[in-house]
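Please work through the exercises below with the sequence and the model open beside you.

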Amino acid sequence: MYSISCSFAFIAVGVLTSAFVCGAYAQQSGLPINAAASVNGTIITNDMVEQGIKVAISQGQKDSPELRKAVIQKFIEVLLLAQQAEKDGLANSERASTQLLMIRQNYLADLELSIYMAKNPVTDADVEAQYKNEIASLGPQGMINEYKVSDIAVASEADAQAALARIKKGSHLIR
């Protein structure tokens, strides 16, 4: 677990990646039970770290102590930058308000959809039934037109004439 105390006027991500800058220090005790780290009094929970680990694993990384440290470090960097943005008044800007609203709406929509899909999984039978409904909605067979479209690209007019002659004879163009 980490506890970070740091005040500064300017944050650069490159500087943050070096081991806790501006007199920040790692501390093993004094954090709430579900806290992985604390940055200027703001808690990074173990749940947040676990979500970060899941994302990293889904991207092909292996769970390891080094990965966990990297995830915590990334959360610390993001939190420090967010705190500085708050201090700079960026959180109150129209741009930030709009973006935060859009992020919230998208997240809630994704959450609702994932919960709905978990409760109502789509089966192969459901897909087949929907497919049959779509086909039936197209009307009588005469209303459905199938097209087989293909292009043959050749280097010259002579090559095009030769290909056309082979097609008319019924031979395949692939050699």
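This is a predicted model: local features need pLDDT of at least 70, side-chain atom pairs count only at pLDDT 80 or more; totals for chains, interfaces and linings use all residues.

Residues are numbered from 1 along each chain as its sequence is written, and side-chain values use heavy atoms, with hydrogens and water left out.

**Exercise 1.** Determine how many salt bridges the structure holds, and find which residues are linked in a network of them.

Solution. Begin with the criterion, a side-chain nitrogen of Lys or Arg within 4 Å of a carboxyl oxygen of Asp or Glu; the structure holds three such salt bridges. Next, take Arg68, whose side chain meets that of Glu50 at 2.6 Å, N to O, and that of Asp63 at 3.0 Å. Glu50, Asp63 and Arg68 are therefore linked in a network of salt bridges.

**Exercise 2.** Explain which parts the pair of Arg68 and Glu50 ties together.

Solution. Helices here are DSSP runs of H or I with at least four residues, numbered from the N terminus.

**Exercise 3.** Locate the salt bridge of Glu128 with Lys132, and decide whether Lys132 is buried or exposed.

Solution. The closest N and O atoms of this pair are 3.2 Å apart, and both residues lie in helix H5 (residues 124–137), four residues apart, about one turn of the helix. For accessibility, buried means under 20% relative accessible area, exposed over 50%, and partly exposed in between (1.4 Å probe, protein chains only). Lys132, at 51%, is exposed, whereas Glu128, at 44%, is partly exposed.

Definitions and conventions: Helices (H or I, at least four residues) and strands (E, at least two) are DSSP runs, numbered from the N terminus.
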